[in-house]
Amino acid sequence: MAEAQGAATHAGGANRGYIAVGVTLGVLTVVSLILAYAGVPLGILIPVVIVLAVIQIYLQADVFMHLNRSRRLYTIVFVAGAVVALEVFLATLILMWAHG
Amino acid sequence: MSSHVADVPAAAHRHDAMPAENQRLGFWIFLGSECTFFASLIGTYLALHSRNMQGLGPRQLFDIPYAAVLTFILLASSLTMGLGVAAMGRGDKRTMRLWLIVTAVLGLIFLGMQVNEFATYWGAGLHLNSSLFGASFYTLVGFHGLHVTFGVTWIIALLVFSWRSKDLTEKQTVYFETAALYWHFVDVVWILIFSIVYLVGVLQ
């Protein structure tokens, strides 16, 4: 009985955690929208929007994709992929602009 | 001797567990390679979208509130997928199926709205070959849409299989976990597309 109650409490806690992260992701999207329409100078807006996107991606990967409680190897593999992706992204931009 | 006998079930367990761990690791490697794929598409879009502009550009076409609704739908589907996997962890198959159905429906709504968005832009005169903006936009957002389509198909297939079997096996659990990972990854890519392509594109 106590075990069942404990499991239910744990399940409720996990669900609340997911809902909290889901709401946070929504709020961050709203903040991006408000900033975009608030007339913030582009030099400030672009880095802020990118930082907000990175926070959202971190929350997704850490909580929804369970990197916070998975094997460390998964994090290393995924981050390595993201680093290669960043290099490909920068290389593509440089290549295209250099031939612009 | 007794320790050798005791080791047999442990060895058998390791033998069973290895494929599941390998599948998870293999899927994370796949997601890492997907990062590279989308990075090249986003980089190409950013480099090309403002070149050879013939009339229609992000400012004239993009409807930010519409794209924001698409974003909220995918974020909500990520939450429902998370709740579904949490239910699976508790062995609550009925709740898991319910959340997965909601996730698939949200994915289908997203796809329907994206088809409508593409049809609107196409009708306004933005074609694949009309400008570099059109080519790079349709390629980037279209490939993301293909990923969502594959994700929805995967979720529906898993739902069908889950109805055919009584209990969730370890193998099925890994399939659901990897489908969830894929779905969250697709959401991560959309967050980037919304922020970089839509928001920054309209304001530039």
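Residues are numbered from 1 along each chain as its sequence is written, and chains are lettered from A, and ligands numbered from 1, in the order in which they are written. Because the model is predicted, local features need pLDDT of at least 70 and side-chain atom pairs count only at pLDDT 80 or more, whereas totals for chains, interfaces and linings use all residues.

Chain A has three helices and zero strands; helices (H or I, at least four residues) and strands (E, at least two) are DSSP runs, numbered from the N terminus. Along the sequence, the pattern of chain A is α-α-α. Of the 100 residues in chain A, 23% are buried. A residue is termed buried if 20 or more other C-beta atoms lie within 10 Å of its own, exposed if 12 or fewer, and partly exposed in between, with C-beta atoms placed from the backbone.

Helix H2 of chain A covers residues 42-64. The expected span of a helix is 1.5 Å times one less than its number of residues. H2(A) is followed by His66(A), which lies in the loop between H2 and helix H3 (72-98) of chain A. The phi of His66(A) is near 60°, a positive value in a residue other than glycine. His66(A) is partly exposed, because 17 other C-beta atoms lie within 10 Å.

Between the chains, 38 residues of chain B are in contact with 41 residues of chain A, contact being defined as C-beta atoms, placed from the backbone, within 7 Å. The elements of chain B that give two or more residues to this side are helix H1 (2-48), helix H3 (64-89) and helix H6 (170-203). H1(B) gives the most, with 17 residues. By class, the side of chain B that touches chain A has 23 nonpolar, twelve polar and three charged residues. Here Ala, Val, Leu, Ile, Met, Phe, Trp, Tyr, Cys and Pro count as nonpolar, Asp, Glu, Lys and Arg as charged, and the others, Gly among them, as polar.

Trp28(B) is found in helix H1 of chain B. This residue is buried, because 24 other C-beta atoms lie within 10 Å. Leaving aside residues up to four places away in sequence, Trp28(B) touches Tyr74(A), Val77(A) and Phe78(A). Trp28(B) and Gly82(B) are 54 residues apart in sequence and 17 Å apart in space, C-alpha to C-alpha.

In H3(B), 26 residues should span 38 Å, and the end C-alpha atoms are 37 Å apart, which agrees. Just after H3(B), Gly91(B) has a positive phi of about 80°.

The axes of helix H5 (residues 132-164) of chain B and H6(B) come within 10 Å and cross at roughly 155°. Axes are lines fitted to C-alpha atoms, for helices over the stretch in contact, and angles run from 0 to 180 degrees between N-to-C directions. H5(B) and H6(B) are therefore roughly antiparallel, the term for angles over 145 degrees. Among the residues at this contact are Trp154(B) in H5(B) and Trp183(B) in H6(B). By class, the contact of H5(B) with H6(B) has 16 nonpolar, five polar and no charged residues.

Key
Two residues are in contact if their C-beta atoms, placed from the backbone, lie within 7 Å. Angles under 35 degrees count as roughly parallel, over 145 as roughly antiparallel, 65 to 115 as roughly perpendicular and the rest as oblique.
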